[in-house]
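Let's take a friendly walk through a protein model together. Have a look at the picture first, and then we will visit a few spots one by one.

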Amino acid sequence: MFLLFIATLFSQHVLAKGAFSVSQAKRISGTVHDQEGQPVFGATVRVAGKTGGTQTNEAGHFSINAAENDVIEISAIGYVTGKITVGAPTEYRLVLEKDIAEMKQVVVVGYGTQKKVNLTGSVAHIGGAELIKRPATNVQNLLQGKVPGLQVTQGSGKPGADNAEIRIRGVGTFSGAGSDPLVLIDGVRGDMTSLNPDDIESVSVLKDAASAAIYGARAANGVILVTTKRGKAKELTIQYHGNVQAQKATRLPKLLTNSADYMMYWNQANQRSGITPYFSQETIDAFRNGNDPIKYPNFDWVDHIFRTGFAHNHHLSVSGGNEKTSFNLGLGYLDQDGIMSIYGFKKYNLLMAVDTRVRDWITIGGNIQLSKRDVVQENFGDNDFVMSAYSGPNFRPTMTLPDGTTGYVARYSNSIGEWTVRNPDAITASGSRKINMYSVRPQLYADVSLAKDLKWYTKGAIGFNSDFNKRHESPVNNYYYDNGEFAHNNAVWQQGVRDLMTQVLETTFYSTLNYKKKLGGHELDVLAGYNQESNYYRELSGSRLTFPTATISELNAGAALGQSTGGTANEWAIRSFFGRLMYNYKDKYLLEANARYDGTSRIAPETRWGFFPSVSAAWRVSQESFLQSVTWMDNLKVRASWGRLGNQNIGLYPYQDMLSTTSYPFDELKPGVLLTALRDRSLRWETTTVTDFGIDFSMKNGLLSLTADWFDKVTDDILYQIPVPASVGLSAPTVNYGKMRNRGWELEVGHQNKIGEVSYSVNLNFSTFKNKVLNVVSPTYGDRIIKEGLPFNSYYLIPWDGIFQSQDEIDKSAEHQYNPQPGDLKYKDVNGDGVINSDDRVVVDGAYAKFYYGGSLNLAWKGFDLTAFFQGVEGTKHYIGGPHMGWGYTPYTQGSPPTLDFIKNMWTPTNPSNTTPAIYHSQYRPNTGTASTYWLLDASYLRLKNLAIGYTFNGRAVRAIGLSGLRLYLSGDNLFTITDYPGADPERSCAGCRFSVYPQVTTYAVGVKATL
């Protein structure tokens, strides 16, 4: 492949040199605009009948060698091809007409492409240029808010671990099979987070069964197809895109930092619980009156721990080619600091693609994706480390010890009779966790024309991932701030060095035959194929506890005493046969059928094969003769689809009996094995059936466009453990029993126009769905409920009913647990039996959002452009009750200070609040011992995800400095958020929410995009 690349560069040089050797050739320049006067970027420019070519830059400018009377052809997706006949002038301006109804736009679908206008399924398309409008570097997060029905939740802004939770049309199952969609990169399963956004050509989201059924047993949760960039027949093009970013937390809690007040309120909370106060009045007065910031600090830990992080991101691409061979090379580098000092991330990318037409009837090619990612983080887990920032303000990170040395501080004094938040600086000093992730993914293909209408396409690919995870942690002594006495050694959890190496080798092979025939108004497209994949996983681990010094982190330097090793391996494979039939009559009546027959090694031989069909149809009403006089309508299409999909991610061989080793007492102990669990050999696929009805409409070349879908998605045979009597002596088997439905609708509306010299476009999307459990073995109750007829995992809580204002009100109310006092939470007696207990729980909404929405605004005036993108969620709620879940919200959880809002609004005899209780601490049961709606917080939000302003320099100014294109821009991510959520950030998935999490980041970026 590398030799092909070198050969292509050489051929470009020869072609360019040859072009200048023709005496009558001259340099022709020009600009290409659309009908609204906007430059057309990326249009292909070539001289008819000759090899080579070029592309227009961001300003629509091009330059090419041509002789008089040559015809220059200029083509771009969505436009009618334009032509220029070369005369005496050397500068030209061409206006491309829009191709009505985007008849030429092509969308990537399973094992092929289709015209967007002829799609019969629910498929969304996002161009690569749209993705890189934001400075975010994780491709998953760039999809957020772009597609109705695609829910993307970024749970953290942590460098290298800011992966999103992605759901297509809701939660697909409640088993361990999971609800993650299938992600294919250039047709092969892959990881979007390993890609550089600048290497992506397009992303297609297959949302219904009609579009996804060709992937059968792996498509139950939808499919995301990522297509990377390839070379084109044009002159050598070198492009650089880079930016520098400053990042800070979007929102941080405002905590009490006045030490005297902090200690006073903690004493009051203890007194309320009947606990001896921790601080004497003398100590409190000393802090209140003291003016020595070292001895009597009011330390702001949030301000100390969180900082502005910086990142720089670079991408260099080299591409070109001729009529026979084309290539594309992309190199990427990202260096990102965290907003807390212990975090860091570096990412290296290489993408190389080569395609060559060996003969008129055969094209071969391939690409290789290389990535290396280095992550540095703490050993505790990010949420635990964030909690450490919620420390008390009455001590500093370090202190001068009695012997004159410097030591880390544990807490103010040993009079505090409970474990308190660890010192974050001491945690950082104790060690870190380093993760190195390597990925190599080569692909090779051959595309053979067997006959005029028959093509054979074959691809082979290998994916190899190797991850190395090193934890290194050493004891660090901590001391009491008031007297310098030893407190503890940081209570390390992962002492010593712990290494974990994992490797995954995945092979893919597929081959298709595609027959296309057009006879008059009839068009037939038939595809048949075979697919085979295998996956092999291995891990190896080792640890040693004691080392000569804290600076050594290699295993062989540690003592053998207490060492441990571990390792395992597993593998699975899947084999598939699939096909597709498409029929098109005069671009009016469209019919498509897909089917896939999958067999997986994960399931018993008797049930491992599954059949997954789909059928869809569409009627392009706008093509009917009775609407031909309606000139303002570009497209009106109604469509319907039905299909069945599978989910093979049901674990590895859950049908097989598992034996554990043991010893049996005969004359002496003899080794043996025993059966520990019941198994069901009839276990089969989880199956999802999707019905979809949709409509597509556009008018006046995009003045108004609309896409709407209604869907019904039902998952059957969900894996579930059935209860068995304890007398059986074996754990319960997993069986196919559960059933769940997601039903909803989606809407996308677009508008574009031009007023004077200002062109603009507006796009809005909206989606909503209702989840319902249809079958479950037996209900599950807790602070969540799983029961037929309800949304899966609904909140099941006792309603909070205000604050007790007096003892008389307590005496007249239903009997509450834990003997409440005035100022404590009051609960509603739902069933009226005079007692507050679990029988008063009710189902509360908020486990799922009422709806999701997003939108964008694009403005252009002369060389300036402005884009704004917003995204929001309405109706979702986060439950932060339970041990340590309300850290930063519940006062004095391991000594963490209350928020300023709590202090301002809390109940006192003189401030009879009915919204905020009296001061308490985390172990005060009248408030924290009951799972109630007090702990259920509204996490709805509207966020300005991105605002960018750029300027593209005109062709003449750019050429003067030796470039063919130049754009400068300023961009901001997560600039503001409208929400009632009181925590750091409302955007997160909430399966066991904690109030304290690593927050999202606000990013300010300045960037440049230059083309040679």
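Which residue in β15 is the bridge partner of Gly 127? The partner of Gly 127 in β15 is Ser 202. Before going on, note that this is a predicted model, where local features need pLDDT of at least 70, side-chain atom pairs count only at pLDDT 80 or more, and totals for chains, interfaces and linings use all residues. Residues are numbered from 1 along each chain as its sequence is written, and side-chain values use heavy atoms, with hydrogens and water left out.

Back to the strands, which are DSSP runs of E with at least two residues, just as helices are runs of H or I with at least four, numbered from the N terminus. Strand β15 covers residues 200-206 and runs antiparallel to β10, joined to β10 by five bridges; two strands pair if DSSP finds at least two bridges between them. Both belong to an open, mixed sheet of five strands, ordered β10-β15-β16-β13-β14. At its edges are β10 (123-127) and β14 (188-189), each pairing on one side only.

Now find Thr 930, in the loop between α12 (925-928) and β49 (936-938). Is Thr 930 buried or exposed? Its relative accessible area is 6%, so Thr 930 is buried (buried means under 20%, exposed over 50%, partly exposed in between, with a 1.4 Å probe and protein chains only). Leaving aside residues up to four places away in sequence, Thr 930 touches Ile 798, Gln 817, Tyr 818, Tyr 827, Arg 925 and Trp 935, where contact means heavy atoms within 4.5 Å.

Finally, visit Leu 524 in strand β29 (residues 522-544). With a relative accessible area of 32%, Leu 524 is partly exposed.
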